[in-house]
Amino acid sequence: MQHDVQELCRVLLDNMESKMKGTCVEGTIPRLFEGKMISFIKCKHVDYASRRMEPFYDIQLNVKGKKNIHESFQDYCATESLDGDNKYDAGQYGLQEAEKGIIFACLPPVVHLHLLRFQYDHMTDNNIKINDRFEFPERLNLTEFLTEGGANSGGPATYTLHAVLVHSGDNHGGHYVVFINPRGDGRWCKFDDDVVSRCTKQEAIDHNFGGTDEDVAVSRHCTNAYMLVYIRDSAINEVLQPVTENDIPEQLVERLQEEKRQEALRRKERNEAHLYMGVQVLTEDNFTGHQGNDLYDPEKANYRNFKVKKLATLRELLELVAEQMGYPLQGIRPWAITYRSNQTFRPAAIDLEADLNKTVIDLSENSNPWTIFMETIAPDQNVDRLPDFDKETDVLLFFKMYDPRLKQIAYCGHVYMPIVAKAKELLPLLNKRAGFPADTELVLYEEVKPNIVDRIEDLELPLEKVLEELMDGDIIVFQRLDLNVDEYELPTVKDYFRDLFYRVEVTFCDKMIPNDPGFTMELSLKMNYDQIARAVAQRLGTDPYLLQFFKVQSYREGPGNPLRCTYEGTLKDLLVFFKPRQPKKIYYQQLSIRINELESKKQFKCIWVNNKFKEEKELVLYPNKNGCVSDLLEEARKQVELSEDGSGKLRLMEVISYKIFSIQREDVPLDSLSQANSKSYRIEEIPREDLIVADNEILIPCAHFQKVQRSRDYQSDSPDDIITCKQEIFSTFGVPFMLKIKHGEPFAKVKDRIQKKLDVPDKEFEKYKFAIVVMGRAQFIEDNEYVVNLSDFMAQAPQAMHPRPWLGIEHVNKAPKRSRYNYLEKAIKIHN
């Protein structure tokens, strides 16, 4: 939750007080900050009074209409007369004239004064900030606002200004700084986030009075004191007494020392960062469960990361890894992950005899980070060292087993094999690793590169003959031979890897939800529209025909044109604009009618407005493409609720800039109605009184507007002079409406119907002004005796092609306004 500074202060003090309970400092917060005030009501003519003592932690003072703190305190403590209809009920004395007020019983050593800079404005129906000038002194005497007993008990109520909390901004946001007089000696400091600097008394006090003078800059115009802290002179030495080392809790000292130590370490790391490099270590655990090409996915692998000096030797790296991973030094062997020319990542041998004393940066060929596969002894084997590996006669092979029933790959470990060994010698080992009977017949494939796996046909040949360019890190994929391939969608290893080659992750986002993160699915680039729709529908739990998909355009990420359900392309065609490593995205929306029906219809968006002129909801209608306005109204009738006493008939109106431009005839084709950004369409129920329009009556459009002044700069004849001209324009807003008027009727009757239609209170309606607006110019109806003349509301030749005149209703727009200035600041979190 975000607090303003006064709320923060209150919450902070409450939390501190609760944390202090049961400790040696319990009661410190109320002793310093709690005062007491008396709320009283005293009858004028009988001896009867009511008093109530209330504690307070801060005093809220009005700023509006006050010059300084003294006037605000006088206003705070001013008595209010209770008389007339507002007499006080004095119990046995009945209703009596009385005085109601507040007086302070005692003021605390530290007084918090909250200046009410933010207030609700009835004209704009919004909170506004009051930037008026409001003065506050460095020394403040509050004795006159205390009871006699309170004034005598604690000595003189004279206070010295200790802190000024300043707000820059408006009601939409801003920034806080604080000016503090730490020792009470008039030497001020400015605290602005993590920057503390010396400042003058004038900067701390005078510059924060606020004000709207012309010589005040915009930044100063909205910068002023929001909260003040005063300390009683008699308590200032106690409150601001020096803090010695013995006063600081030991836990806090240790915490600060630890923070300094951590900061020193971070600084050292930053200064020495160029001397270090990263090493990413993979083990066989990283290979388990991987379903793609190679042994792991470089972008998703969960590496064990080590930071070593670039000039450290391989021996030092292995000692570090062995210690961190809990293996004996002889129980690990590094293999460098290399990127082959056939676009694969495979482990390659490191010559431990020759390279142990070489630096890590040289062995990595300046790769940072350097990725290695760390071979380790098996935890379930009672050995403390790995078998020997002869790089001249042995080869490191990895195995995967494919199960066509599950369409999954299972990692089956690795082995050292002599390069002259026959391929069939692998069969007993593979059956054992896969858990098959020893005599199970297997089919072996070599994983060459993405989308290419070659079957090993002749198992009688040595490995160096059957594997293409035999190298350490080669992968053999195997499966059972005795399976009926006709039963499975991807029966062979080749089928699996071919399908894998076309797999892609696609994120589907709901078009109707702004910034929807969507959900991600793994699909095949060869899938057609129906297959895509079925997959997404299964994920959403809906009917595939109740989904509509939208392409993403190459020039923007938003949804583009909708896809037809007869789309003949593949998923690959839909993603053609995306770069290889760019996230793939498709938009969708769930429909209320089937997509094949939708494509024979026209989507039409409009606003339904009820008889109270409140915009209730947006309608998305699907009339026939070749239909007309009457078809659209019939579709709308299915979705809206008509009034009980209404006419039961609907009409469609074209609205531009909050003004009704026209009422569309029911025989107008829908194709002729354009849904541009500048216009919208509105459907409403026709009032009964509008159904029949006599010859001496017409329906006129009515709209709300207000005057707005705008300034525009013009260059004068002199190049150094700029002329600023103020221009008054009319800004329309709100919900426009149609009104029937009659020739010769008094305009006073028209106003009565408008007030009833808008349901506006008398007091507010008195402020409304009316004008006939012709070609953007308002002719105000000043004469109370004005009688309606229909010709005033008819378009005159040669202007017949222009919009007809409309009746303007001028009043203040009470909709919330956005600030001219944009102040953004992170919220402060308080943890209990």
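**Exercise 1. Is arginine 651 buried or exposed, and which residue forms a salt bridge with it?**

Step 1. Arginine 651 is buried, with a relative accessible area of 7%. Buried means under 20% relative accessible area, exposed over 50%, and partly exposed in between (1.4 Å probe, protein chains only).

Step 2. Aspartate 690 forms a salt bridge with arginine 651; their closest N and O atoms are 3.3 Å apart. A salt bridge is a side-chain nitrogen of Lys or Arg within 4 Å of a carboxyl oxygen of Asp or Glu.

Step 3. Arginine 651 sits in strand E34 (residues 650–656) and aspartate 690 in the loop between strand E36 (679–685) and strand E37 (697–715), so the pair ties together parts 39 residues apart in sequence. Helices (H or I, at least four residues) and strands (E, at least two) are DSSP runs, numbered from the N terminus.

Step 4. Aspartate 690 also counts as buried, at 7% relative accessibility.

A note on the source: this is a predicted model, in which local features need pLDDT of at least 70, side-chain atom pairs count only at pLDDT 80 or more, and totals for chains, interfaces and linings use all residues. Residues are numbered from 1 along each chain as its sequence is written, and side-chain values use heavy atoms, with hydrogens and water left out.

**Exercise 2. Which residue forms a salt bridge with glutamate 654?**

Step 1. The partner is lysine 679, with the closest N and O atoms 2.9 Å apart.

Step 2. Glutamate 654 lies in strand E34 and lysine 679 in strand E36, so the pair ties together parts 25 residues apart in sequence.

Step 3. Glutamate 654 is buried at 7% relative accessible area. Lysine 679 counts as partly exposed at 22%.

**Exercise 3. What is the strand order of the open sheet of 5 strands?**

Step 1. The order is E28-E27-E31-E29-E30, with mixed pairing. Two strands pair if DSSP finds at least two bridges between them.

Step 2. Find the edges. Strand E28 (519–524) and strand E30 (559–562) each have a single partner strand, so one side of each is left without a neighbour in the sheet.

Step 3. Look at one pair. Strand E27 (residues 503–510) and strand E31 (residues 584–590) run parallel, joined by 5 bridges. Phenylalanine 508 has isoleucine 586 in E31 as its bridge partner.

**Exercise 4. Which residues line the largest cavity?**

Step 1. The structure holds 1 cavity of 30 Å³ or more. A cavity is a set of points, on a 1 Å grid over the protein atoms alone, where a 1.4 Å probe fits but cannot get out; lining residues have an atom within 4 Å of a point.

Step 2. The volume of the largest cavity is about 40 Å³. Grid points are joined across faces, edges and corners, and a volume is the space filled by probe spheres set on the points.

Step 3. The lining is Tyr529, Ile532, Ala533, Phe549, Leu563, Leu574 and Ile586. Helix H16 (residues 529–540) gives the most, with 3 residues.

Step 4. Sort the lining: 7 nonpolar, no polar and no charged. Ala, Val, Leu, Ile, Met, Phe, Trp, Tyr, Cys and Pro count as nonpolar, Asp, Glu, Lys and Arg as charged, and the others, Gly among them, as polar.

**Exercise 5. Where is proline 369 found?**

Step 1. Proline 369 is in the loop between helix H12 (360–363) and strand E21 (370–376).

Step 2. The peptide bond to proline 369 from asparagine 368 is cis, with omega near 10 degrees.

Step 3. Asparagine 366 is found in the loop between H12 and E21. Its phi is positive, about 65 degrees, although asparagine 366 is not a glycine.

Notes: 1 Å grid on protein atoms, 1.4 Å probe; cavity = no way out; pocket = protein on both sides within 12 Å on 5 of 7 lines; lining within 4 Å.
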